[in-house]
Amino acid sequence: MRNVGIIGGGIAGLTCAYKLAAEGHAVTVYEASKYVGGLGVDFDHKGNSIDKFYHVLLDSDRYLVNLLQEMGLASKLLWAPTGMGFMVKEKLYPFNTPVDLLRFKALPFLDRVRTGLAALYITKQKNGFPLDDIPATDWLKRLFGQTVYQNIWDPLLAAKFGERRGEIPAYWVWNTLTREKDGTQEVKGYVVGGYRYIAETIATNVQKLGGNIQCGVPVDTLDQLEVGMSVCAGGTVRRHDAVISTLPMTLLRGIVNSPLLEKLPLANLKYQGCLNVVLVLKKRLSPYYWIAVVDSGFSFQGVVETTHVVPPESVSGRHIVYVMNYGATDLPAYLMSDQEACFRAETELCRLFPQLTAADIEASYAFRAPFVEPVWPLGYLRVRAAPKVTGTDLYLCTTAQAYPMVTAWNTSVYLAMETVNAMRPFLS
Ligand SMILES: Cc1cc2nc3c(=O)[nH]c(=O)nc-3n(C[C@H](O)[C@H](O)[C@H](O)COP(=O)(O)OP(=O)(O)OC[C@H]3O[C@@H](n4cnc5c(N)ncnc54)[C@H](O)[C@@H]3O)c2cc1C
């Protein structure tokens with residue numbers, strides 16, 4: 001039996017803990033905040049639990065679905081058909097079917113046809129690997145043409161990666177498009193009780209297997225010993241045979257010293273942050289789960305209405321809408337005050353959706369996540385970190401290894417399995 005310390009009680013850390021504990025190893029999870037769940041945390045609105053950041057499953061999330069089954073949560077997983085809208089110059093278009101595309105008057109007719117053909121070509125391309133060295137901006141311009149790129153893709157890429165969009169590999173875009181759109185009716189899933197409930201259920205199962213979950217205990221320092229590692233957390237120093245870090249690399253660098261620091265990969269990896277404003281509404285906003293908003297004088301990049309998937313009864317009949325800004329964390333779009341973010345979200349949504357009035361908005365809240373996703377540089381497959389940090393007893397299971405998959409709970413479950421598999425020689 002091995003004794004493994006795990007830093008971070010989000011989905012990655014909890015899944016690693018569960019897999020190791022199920023094989024009879026002693027695990028200790030160190031979680032800085034009061035609750036497990038990481039970015040899947042919730043907040044309370046008048047006795048209702050609401051996710052701080054919108055979270056749903058896709059029907060392609062097979063690793064997470066399998067884990068939910070193992071946790072006995074399958075019967076709580078609900079699926080609902082969803083759709084996407086596109087707002088251009090304050091006009092909202094449906095954007096789900098070939099007919100929607102042909103009617104999408106924001107583009108000249110020939111460009112609509114070209115967009116359809118290019119999208120079809122992308123979904124038929126089975127291997128995106130060669131796209132790892134090609135900038136997404138060049139690839140999209142070539143496939144869709146300058147007009148479509150300028151009007152659709154550039155704002156979407158800018159929304160996700162800001163000034164660094166020219167560096168993102170086409171492989172990431174290809175993978176995201178083929179993951180989300182396969183031509184069939186889009187559905188999304190949600191576990192009744194929310195994402196923190198999923199995390200707490202995994203944590204309970206870890207504890208039943210003898211694992212130790214310590215919340216409110218941030219790891220202050222991590223050091224390599226002659227054999228094994230030492231973790232200093234909550235004023236106590238403990239030795240572990242090995243440690244798994246699930247932290248973003250920037251945070252991990254902050255708790256390790258030389259010579260371990262020099263052994264860590266991905267020294268220059270930058271991350272995107274995300275500002276979310278959550279609006280609690282008395283009525284439905286639109287027919288769509290997600291609306292991309294372009295060229296409409298909106299301070300945010302899009303609108304997500306989760307109560308197309310989350311049953312409104314679970315939030316006492318309310319409708320929950322998120323507006324978001326992804327980007328660098330030193331930009332005004334991320335740094336604006338909570339008050340300003342909520343004010344802009346409320347007033348601008350009322351302008352863009354005239355059926356919504358201030359009286360329909362019960363409350364709004366702003367939340368920030370500084371490390372949502374790395375800004376993937378070109379050729380990332382060549383530098384993607386292996387699960388084991390060479391010459392140490394440290395293993396990684398972090399979103400920095402997600403590429404080309406999108407950062408999501410399903411991906412973290414997959415990464416946890418990959419990390420535990422990489423530990424096999426050490427575990428046996
Ligand atoms: C706006 C938004 C929308 C999203 N939508 C979806 C979605 O629809 N579906 C989906 O599947 N995913 C979604 N995601 C992505 C998903 O939340 C992440 O990919 C996932 O949570 C990553 O899990 P993780 O365990 O790697 O990291 P995290 O969830 O970030 O967990 C890391 C944990 O480490 C803890 N920690 C940090 N420092 C220390 C320390 N020194 N010591 C101990 N603990 C520490 C943190 O408190 C945290 O709990 C979304 C994310 C955001 C921000």
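The following legends describe close-up views of a predicted model.

Residues are numbered from 1 along each chain as its sequence is written, and side-chain values use heavy atoms, with hydrogens and water left out. Because the model is predicted, local features need pLDDT of at least 70 and side-chain atom pairs count only at pLDDT 80 or more, whereas totals for chains, interfaces and linings use all residues.

**Figure 1. The surroundings of the ligand.** The ligand is surrounded by 27 residues, where a residue counts as near if one of its heavy atoms lies within 4 Å of the molecule. Glu31, Tyr54, His55, Val219 and Trp409 are the closest. At least two residues of this shell come from each of α1 (11–22), β2 (26–31), β15 and α14. Helices (H or I, at least four residues) and strands (E, at least two) are DSSP runs, numbered from the N terminus.

Figure 2. A polar backbone atom of Tyr54 lies 2.8 Å from a nitrogen atom of the ligand. An oxygen atom of the ligand is 2.8 Å from a backbone N or O atom of Trp409, and for Ala408 the distance from a backbone N or O atom to a ligand oxygen atom is 3.2 Å. Of the 1000 Å² of accessible area that the ligand has on its own, the protein covers 88%. Accessible areas come from the Shrake-Rupley method with a 1.4 Å probe, and for residues only the protein chains shown count as cover.

Figure 3. Strand β3 (residues 42–45) pairs with strand β4 (residues 48–51) in the antiparallel sense over 4 bridges; two strands pair if DSSP finds at least two bridges between them. Asp42 stands opposite Asp51 in β4. The two strands, β3 and β4, form a hairpin with 2 residues between them. Lys46, in the turn, has a positive phi of about 50 degrees.

**Figure 4. An open sheet of 3 strands.** The strands follow the order β5-β9-β6, and their pairing is antiparallel. Since β5 (57–58) and β6 (77–81) stand at the edges with a single partner strand each, one side of each is left without a neighbour in the sheet. The pairing of β5 with strand β9 (residues 187–191) comprises 2 bridges, and Leu57 stands opposite Gly189 in β9.

**Figure 5. The salt bridge between Asp154 and Arg165.** A salt bridge is a side-chain nitrogen of Lys or Arg within 4 Å of a carboxyl oxygen of Asp or Glu. The side chains of Asp154 and Arg165 meet at 2.9 Å, N to O. Asp154 lies in helix α6 (residues 146–161) and Arg165 in the loop between α6 and α7 (170–180), so the pair ties together parts that are 11 residues apart in sequence. With a relative accessible area of 14%, Asp154 is buried; buried means under 20% relative accessible area, exposed over 50%, and partly exposed in between (1.4 Å probe, protein chains only). The whole structure has 17 salt bridges.

**Figure 6. The salt bridge between Lys283 and Asp360.** The closest N and O atoms of this pair are 3.3 Å apart. Lys283 is partly exposed, at 31% relative accessible area, whereas Asp360 is buried, at 13%.

**Figure 7. A nonpolar patch on the surface.** Leu102, Phe109, Leu110, Val113 and Leu117 form this patch, with about 500 Å² of accessible area together. Patches are made of residues with over 30% relative accessible area and no salt bridge: like charges are joined within 9 Å, and nonpolar side chains (Val, Leu, Ile, Met, Phe, Trp, Tyr) within 5 Å. Helix α4 (residues 109–124) gives the most to the patch, with 4 residues. Leu110 is found in helix α4 and counts as exposed because its relative accessibility is 68%.

Conventions:
A polar contact is a pair of N or O atoms within 3.5 Å; within protein, one must be able to donate a hydrogen and the other to accept it, and residues adjacent in sequence count only if both atoms are side-chain atoms.
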